[in-house]
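Work through the two exercises below with the sequence and model at hand. Each solution goes step by step.

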Amino acid sequence: MPAIDLLDGRCVRLLHGDFNRCRVYDQDAVALAADYAREGAEWLHVVDLAASRDGTSADLQPLLRVLGSSAQSVQTGGGVRVSADIATRLKHGASRVVVGSLCVTEPETFATWLAEFGEEHLVAALDVRIGEDGNPLLRTHGWTRSSDRSLWLLLDFYLDKGLKHLLCTDIGRDGAMTGPNFELYREIVNRYPGLKVQASGGVSGLSDLQGLAKTGAAFAVTGKALLEGCFTVTQALEALS
């Protein structure tokens, strides 16, 4: 699943989620989404970083342009704080809405949204940093706030609430192109075989995609590797066929 990160109307990538370590790419998001669709990508992952940063004062027009023009199905996140944020994105063409920090800070609220909007239309985006004991500990608010809560405890809770789609990022790998955390995704799939797991962070080559497929993950969300020309969507799909 190709990923596009939008910030003030530009395609960017942040290293480890740090706005001060931002690389801007000379790519038009609408045109880039169309290129990915032509190459065979059936889904697109779009993060509105301005909404994450600015909340209700953010300009949503760059995101809405992508949603309104994309030929593929789009899941989008960034700055989703109230149910109206979900409704707006679905109304403008999103197939799924990704909810991040609130899944950790207000699990009962997200559980209510699962019932309200349906399990097919929501993705829980859970970011983790691996502790010294190997336990995946949750991080929130653009990875700036740590938590001593385990990923496993939260997923146990959501399993009973109908969660179907999980996007999990090992933040130590994201944007660094150092290789994915295969062990993490293999363990998630083994513990929760009913979840559709989206692996994110660290992909740098086709072998990484093939390795993630072997873990049982449903998708690999890939942004920087595509922008840096490590491989194309066409090459990725051929390697996974």
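**Exercise 1.** Describe the lining of the second largest pocket by residue class.

Step 1. The lining has 17 nonpolar, two polar and one charged residues. Nonpolar covers Ala, Val, Leu, Ile, Met, Phe, Trp, Tyr, Cys and Pro; charged covers Asp, Glu, Lys and Arg; the others, Gly among them, are polar. This is a predicted model, in which local features need pLDDT of at least 70 and side-chain atom pairs pLDDT 80 or more, while totals for chains, interfaces and linings use all residues. Residues are numbered from 1 along each chain as its sequence is written, and side-chain values use heavy atoms, without hydrogens and water.

Step 2. The elements α9 (206-215), β12 (219-221) and α11 (233-240) each supply at least two lining residues. Helices (H or I, at least four residues) and strands (E, at least two) are DSSP runs numbered from the N terminus.

Step 3. The most comes from α11, with four residues.

**Exercise 2.** Describe how α9 and α11 pack.

Step 1. Their axes, lines fitted to C-alpha atoms over the stretch in contact, with angles from 0 to 180 degrees between N-to-C directions, come within 9 Å and cross at roughly 45°.

Step 2. α9 is therefore oblique to α11; oblique is what remains after under 35 degrees (roughly parallel), over 145 (roughly antiparallel) and 65 to 115 (roughly perpendicular).

Step 3. Contact (heavy atoms within 4.5 Å) involves Leu206, Leu209, Gln210 and Ala213 of α9 and Gln235, Ala236, Ala239 and Leu240 of α11.

Step 4. Of these residues, six are nonpolar, two polar and none charged.
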